[in-house]
Amino acid sequence: MTPDEYVEAVLDLVERIPPGRVMSYGAVADALAARSGRASARLVGSIMARHGGAVPWHRVVTASGRLPPGHEREARARLRAEGAPLRGEGVDVRSAGWSPEEGM
DNA sequence: CTAATGACTCGTA
DNA sequence: TTACGAGCCATTA
């Protein structure tokens, strides 16, 4: 799989995350692993940093609910506008966590 | 080919 | 609560 295709797969999945729901980098990597065969949270993070501008990147957070460093303010504002369950630091992944299986 | 890097994650202290 | 270390794997140098 070429880098461009891999990036495309990540962005495609991120676009499917419904408003008010979130996925962790690890969850995206895991869901994508079934499709591409290999993935890691670090790769998803790097891809979002480089090519995340065209997708709802604020719906992808760390496993602990923290928002991406350097974009916490903007991500929090967007999530709040979507009605996501915001916690003190970031988002409540336990209730807002989403998976592709759930959205089929 | 080897080494460093990163929007990560998890276990320990 | 924060801090560190080890594992992670494609990309870059």
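Predicted model: local features only at pLDDT ≥ 70, side-chain atom pairs only at ≥ 80, totals over all residues.
Two helices, α1 (residues 3–16) and α3 (residues 41–51), each supply at least two residues of the surface near DNA strand C.

**Around DNA strand C**
- The residues that surround DNA strand C are P3, Y6, R38, S40, R42 and L43.
- Sorted by class, the surface near DNA strand C consists of three nonpolar residues, one polar residue and two charged residues.

**Around DNA strand B**
- DNA strand B has 17 residues around it, and those that come nearest are Y25, G45, A49, T62 and P68.
- The classes of the surface near DNA strand B are nine nonpolar, seven polar and one charged.

**How α1 and α3 pack**
- Two packed helices are described by the angle between their axes and by the distance between those axes.
- For α1 and α3 the angle is about 85°, while their axes lie 10 Å apart, which means that α1 is roughly perpendicular to α3.
- In this contact, V7, V10 and L11 of α1 meet V44, I47 and H51 of α3, and by class the contact holds five nonpolar residues, one polar residue and no charged residues.

How values were computed. Residues numbered from 1 in each chain as written. Chains lettered and ligands numbered in written order. Near = placed C-beta within 6 Å. Helix = DSSP H or I, 4+ residues; strand = E, 2+ residues; numbered from the N terminus. Nonpolar A, V, L, I, M, F, W, Y, C, P; charged D, E, K, R; others polar. Axes fitted to C-alpha atoms, helices over the stretch in contact; angles between N-to-C directions. Parallel < 35°, antiparallel > 145°, perpendicular 65-115°, else oblique. Contact = placed C-beta atoms within 7 Å.
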